[in-house]
Amino acid sequence: MPKDPIGLALSIMNRISGNPLLDRLGLRSPLEKTAYHGTRAGFRTIALAGREFNRARNWLPQTRLPARKQGELFDLSLDDDQLMITDSLHRLSREVLRPNACEADESGTFPARIMASTAELGLTMYAVPGEFGGVAEQQSPVTSVLIAEQLAWGDMGLALALLAPFSVAQAISQWGTGEQQSRYLPAFCEDHPPMASIALDEPTPLFDPMHPATTAIATAHGYRLNGEKAQVVMGGQCDLLLVAAVLDGKPRMFIVETAGRNLLITDDDGMGLRATGAVKICFDNTELPADALLGGDDFDYQAFIDRAALMRCGLAVGTAQAVLDYVIPYCNDRHAFGEPISHRQSVAFMISNLAIEIDSMRLLTWRAASRAEAGLAFHREASLARLLCNEKSMEVGSNGVQLLGGHGFVKEHPVERWYRDLRSVATHHGGVHA
Amino acid sequence: MNLEIPGKFAPIIHQARQVAREVFRPISRKYDRAEHAYPKELDLFATIMDGMNDGAADGGAGAGRLARSGGEGAPGNRNGTNMKTVLGLTELCWGDVGLALSIPRQGLGNSAIAAVASETQLKRFGSTWAAMAITEPGAGSDSAAIQTTATQDGDHYIINGEKIYVTAGERANAVVVWATLDKSRGRAAIKSFVVEKGTPGMSVERLEKKLGIRASDTAAIRFDNCRIPKENLLGDPDISVDKGFAGAMQTFDNTRPVVAGMAIGVARAALERTRDLLAISGLNLDYRQQTWHLPAAARELHLLEAELEAARLLTLRAAWMADNGQPNSREASMAKAKAGRVGSQVTLRCAELCGSLGYGETELLEKWARDSKILDIFEGTQQIQLLIIARRLLGKSSSELK
């Protein structure tokens with residue numbers, strides 16, 4: 001575009017203000033300097049001190065958790081196990097996640113003390129079959145979704161960080177070969193499970209998880225990986241990554257052990273979810289061994305993506321519910337024109353609609369998850385749930401801020417953070433797996 | 001957790017679907033054009049439906065069976081009459097909403113009788129076809145403001161007033177009328193009375209000409225010193241604050257999911273037809289997790305389907321709660337609000353997507369887009385549902401949140 005005089009002047013000013021001479025002359029405040037360098041930093045090679053996973057010598061045969069037998073009747077009640085899990089996780093959310101969420105968001109890190117207090121929950125054990133040391137006996141996408149819902153009620157960013165290794169364990173339980181399961185799953189049942197994450201999203205507009213641009217080609221010794229992944233949850237601290245790449249024209253997942261490997265990594269902080277320590281990872285002719293390909297002939301990439309969608313929906317429902325639970329007391333306490341603002345239909349009806357749409361999201365998600373759990377086809381249901389959650393969760397976030405007015409826009413209240421976090425529901429595909 | 005329709009309801013769904021396809025659809029356009037003509041094809045069908053209910057071991061389905069199933073019987077999860085009625089009506093309205101509303105002995109009055117009648121009254125009126133008369137020229141959603149009076153005179157009540165929007169008011173054998181025993185005592189004094197057809201003093205003034213559901217007659221009825229036996233007062237004659245009006249309003253907790261189901265039925269009809277028409281013209285309707293690569297029409301259809309599915313599940317939840325004796329006022333209103341607006345949204349958008357085909361009378365799409373609108377109005381408008389939901393969520397009384 002040709003520059004007019006005003007554009008030219010602005011562009012010159014911009015170049016001057018970016019001139020390092022200003023720094024040498026001491027004309028720039030230290031704060032500005034940080035901001036400047038922060039945005040300029042490119043990929044840097046990082047050697048991750050990942051843990052070693054030894055190839056299992058006597059590996060167990062491939063295990064697939066059986067479908068759960070459903071009752072004959074329509075039933076919305078949770079079973080005793082699900083009630084116990086949701087109850088304890090809700091308490092964790094209220095007492096640990098919610099009080100730490102603001103600080104985690106501002107510092108952009110996952111607080112170590114939360115890691116310690118949540119480790120004892122043994123979340124990853126629920127994803128691992130008994131043969132490998134876990135407690136899973138059958139398919140449990142409903143429980144996974146309920147877990148996501150409860151944790152995201154506390155904070156979506158912290159929930160994603162907690163769910164990253166859980167999701168990798170789910171994926172290896174669901175899809176891994178016997179050798180892969182024997183090698184990796186027992187580690188997820190130890191006191192200090194490995195940090196692991198699913199790297200799926202790529203920095204491109206209209207990203208379609210069914211068509212990643214990252215490629216894998218078969219080599220004499222295994223595979224060679226090329227491409228760039230974005231918004232990888234806890235990506236800078238992972239022992240293990242599951243990476244989506246196209247092999248022979250078909251999308252597959254690859255297991256990448258980070259130990260002893262030099263990875264090209266850069267920060268990828270976003271609008272929200274800042275506690276996840278998200279990074280971009282660049283794979284530049286990364287060599288992988290032959291057993292890095294997740295699963296065998298029964299691997300179903302579409303179902304892999306659908307199970308990710310279930311969890312994403314669970315997260316959306318949890319944070320949206322947090323919004324509703326927050327605006328109700330706020331609008332009852334906030335007075336204007338001599339009465340609580342909740343006495344006005346324009347306010348009250350917005351709240352009714354939040355409740356309707358949140359339950360809509362929840363019921364679609366539960367139905368898709370319960371079909372997956374029973375071994376029924378669930379691609380249609382997961383797709384519809386995801387589409388509805390994409391649309392409605394952001395509406396909930398936006399109306400949540402609106403209901404608080406100016407108070408919704410400032411960090412004194414958590415609603416602006418939920419607004420930022422809820423934007424990710426429609427944009428992210430990776431990180432989670434039911 | 002299981003959100004699938006139980007197999008035991010497959011027969012009634014199948015039967016209702018057959019009726020919708022073989023009885024309703026072929027005469028759907030005929031009675032849309034011939035407004036106020038009596039659809040005589042329904043008489044035979046009504047007899048079959050009576051037979052199905054009488055023979056049903058689990059209490060049957062339909063307007064007259066609602067409300068009495070909740071919370072009874074063995075403990076544990078129940079899928080009963082409320083869910084069954086919702087499922088049946090959904091299928092029938094997939095066929096035609098107006099005709100479904102005209103099925104003899106399935107009027108809203110039958111639900112009211114089922115909800116509050118004594119055993120003796122049930123025997124007397126249980127097999128009557130009863131319409132429901134609540135709305136007045138000066139009182140719609142604000143049903144506590146009705147002006148129709150019932151004055152006791154010995155062993156009789158004398159009813160005076162005017163009722164409008166009485167569905168099947170001329171065809172039914174009786175009308176359940178809401179009237180006040182004492183205007184100064186507010187809503188607690190509002191009672192419902194059964195007035196049988198032919199009672200002197202009751203006259204049908206006119207039948208409305210309507211936007212949709214033309215197969216269903218909508219009567220304006222005048223009561224002029226209409227004298228009925230005092231046994232025709234449904235429920236408790238005492239004016240007490242605790243019972244009465246609140247009890248009458250409870251009928252809605254059971255009927256609102258049914259009306260929601262009706263909206264789901266007509267919306268599904270429109271969506272299915274539109275999918276078929278668009279598939280013929282080559283539109284790929286495969287489900288995707290990333291929908292922004294799809295043609296706008298395909299993405300919109302997926303979104304409408306998701307909205308419809310949400311309405312359907314909210315409705316099943318409300319019916320399921322009623323079947324299990326759980327208070328479901330909020331959930332019933334959520335189902336009605338969602339299904340009511342989704343019904344309009346889906347049918348109107350489907351007519352739009354199909355262009356002149358959707359607008360013309362060769363297809364039924366334009367008719368469904370007219371029929372669906374009433375479902376967001378009667379049995380409590382969208383706005384009344386939102387008010388009920390908000391009061392429950394916020395813990396507000398009707399005097400605080402007006």
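This is a predicted model: local features need pLDDT of at least 70, side-chain atom pairs count only at pLDDT 80 or more; totals for chains, interfaces and linings use all residues.

Mentor: Helices and strands are DSSP runs, numbered from the N terminus, where a helix (H or I) has at least four residues and a strand (E) at least two. Residues are numbered from 1 along each chain as its sequence is written, and chains are lettered from A and ligands numbered from 1 in the order in which they are written.

Along its principal axes, the C-alpha trace of chain A spans about 70 × 60 × 40 Å. Of its 434 residues, 50% are buried; a residue is buried if 20 or more other C-beta atoms, placed from the backbone, lie within 10 Å of its own, exposed if 12 or fewer do, and partly exposed in between. Two residues are in contact if their C-beta atoms, placed from the backbone, lie within 7 Å, and among the contacts in chain A between residues at least 6 apart in sequence, 78% join residues at least 24 apart.

Chain A is assigned domain 1 (80–194), domain 2 (199–292) and domain 3 (301–427), with bounds that come from an automatic or database domain assignment. The centres of domain 2 and domain 3 of chain A, taken over C-alpha atoms, are separated by 30 Å. Where these two domains of chain A meet, eight residues of domain 2 are in contact with eight residues of domain 3. On the domain 2 side there are six nonpolar residues, one polar and one charged, given that Ala, Val, Leu, Ile, Met, Phe, Trp, Tyr, Cys and Pro count as nonpolar, Asp, Glu, Lys and Arg as charged, and the others, Gly among them, as polar.

Within domain 1 of chain A, which runs over 80–194, look at helix α6 (residues 141–154) of chain A. Its 14 residues should span 20 Å at 1.5 Å a residue, and its end C-alpha atoms are 20 Å apart, which agrees; the expected span is 1.5 Å times one less than the number of residues. Because 14 of the 14 residues of α6(A) are buried, this helix is largely enclosed by the rest of the structure.

Asp269(A) is partly exposed, with 14 other C-beta atoms within 10 Å. Setting aside residues up to four places away in sequence, Asp269(A) touches Gly108(A), Arg274(A) and Ala278(A). Leu83(A), by comparison, lies 186 residues from Asp269(A) in sequence and 35 Å away in space, C-alpha to C-alpha.

Finally, consider how chain A meets chain B, where 41 residues of chain A are in contact with 39 residues of chain B. On the chain B side, α8 (296–323), α9 (329–353) and α12 (382–394) each supply at least two residues, and the largest share, eleven residues, comes from α8(B).
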